[in-house]
Amino acid sequence: MSIPYKICLLIDDNYIDNFVTRKVLEASNFAETIIVRQSPTEAIDSLRSGIVKPDVIFLDIRMPTMDGFEFLQEYDLLEIDKENIKIFMLSSSLDPTDMQQSADNKYITQLIHKPLTTKALEELSA
């Protein structure tokens, strides 16, 4: 089976969630390289500088300094090629407002409920 993505950027402030998500991504051979940023501002800086050039991003909604939607506002201002980057929003929330905001955002490919599972990844790759 071929690996669907080259570089995956995981943005989540929670160490345990990152550990679990990374393990699921690795076990599923979802990407050749997985880069983790626990701060959305660090992720924006990495994208802006060109240090990280992902083709897929997993983005948490609820983070203390900048939430996932605020990240997307900053992401929109970046002068990078966004056309081939898929963004999957991760959430443990069932808040209808979050679901609607995710559905309405042009950058979000899909909202995925935490924890990320192998089954959810298989459905993304199908």
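User: Hi! Before anything else, what counts as a salt bridge here?
Analyst: A salt bridge is a side-chain nitrogen of Lys or Arg within 4 Å of a carboxyl oxygen of Asp or Glu. Keep in mind that this is a predicted model.

User: Good to know. How many salt bridges does the structure hold?
Analyst: The structure holds ten. Asp12, Asp17, Asp60 and Lys114 are linked in a network of them.

User: How far apart are N and O in the salt bridge of Asp17 and Lys114?
Analyst: For that pair, N to O is 2.9 Å. Asp17 lies in helix H1 and Lys114 in the loop between strand E5 and helix H5, so the two tie together parts that are 97 residues apart in sequence.

User: And Asp60, is that one buried or exposed?
Analyst: Asp60 is buried, with a relative accessible area of 4%. Asp60 also forms a salt bridge with Lys114, and their closest N and O atoms are 3.0 Å apart. Asp60 sits in strand E3, so this pair ties together parts 54 residues apart in sequence.

User: Switching topic: how do H2 and H3 cross?
Analyst: Their axes come within 10 Å and cross at roughly 15°. The two helices are therefore roughly parallel to each other.

User: Which residues make that contact?
Analyst: From H2 there are Pro40, Ala43, Ile44, Leu47 and Arg48, and from H3 Phe71, Glu74 and Tyr75. By class, six are nonpolar, none polar and two charged.

User: What does Arg48 pair with in a salt bridge?
Analyst: Arg48 pairs with Asp45, with closest N and O atoms 3.3 Å apart. Both lie in helix H2, about one turn of the helix apart.

How values were computed: Residues numbered from 1 in each chain as written. Predicted model: local features only at pLDDT ≥ 70, side-chain atom pairs only at ≥ 80, totals over all residues. Heavy atoms only, no water. Axes fitted to C-alpha atoms, helices over the stretch in contact; angles between N-to-C directions. Helix = DSSP H or I, 4+ residues; strand = E, 2+ residues; numbered from the N terminus. Parallel < 35°, antiparallel > 145°, perpendicular 65-115°, else oblique. Contact = heavy atoms within 4.5 Å. Nonpolar A, V, L, I, M, F, W, Y, C, P; charged D, E, K, R; others polar. Buried < 20%, exposed > 50% of the residue type's maximum accessible area, 1.4 Å probe, protein only.
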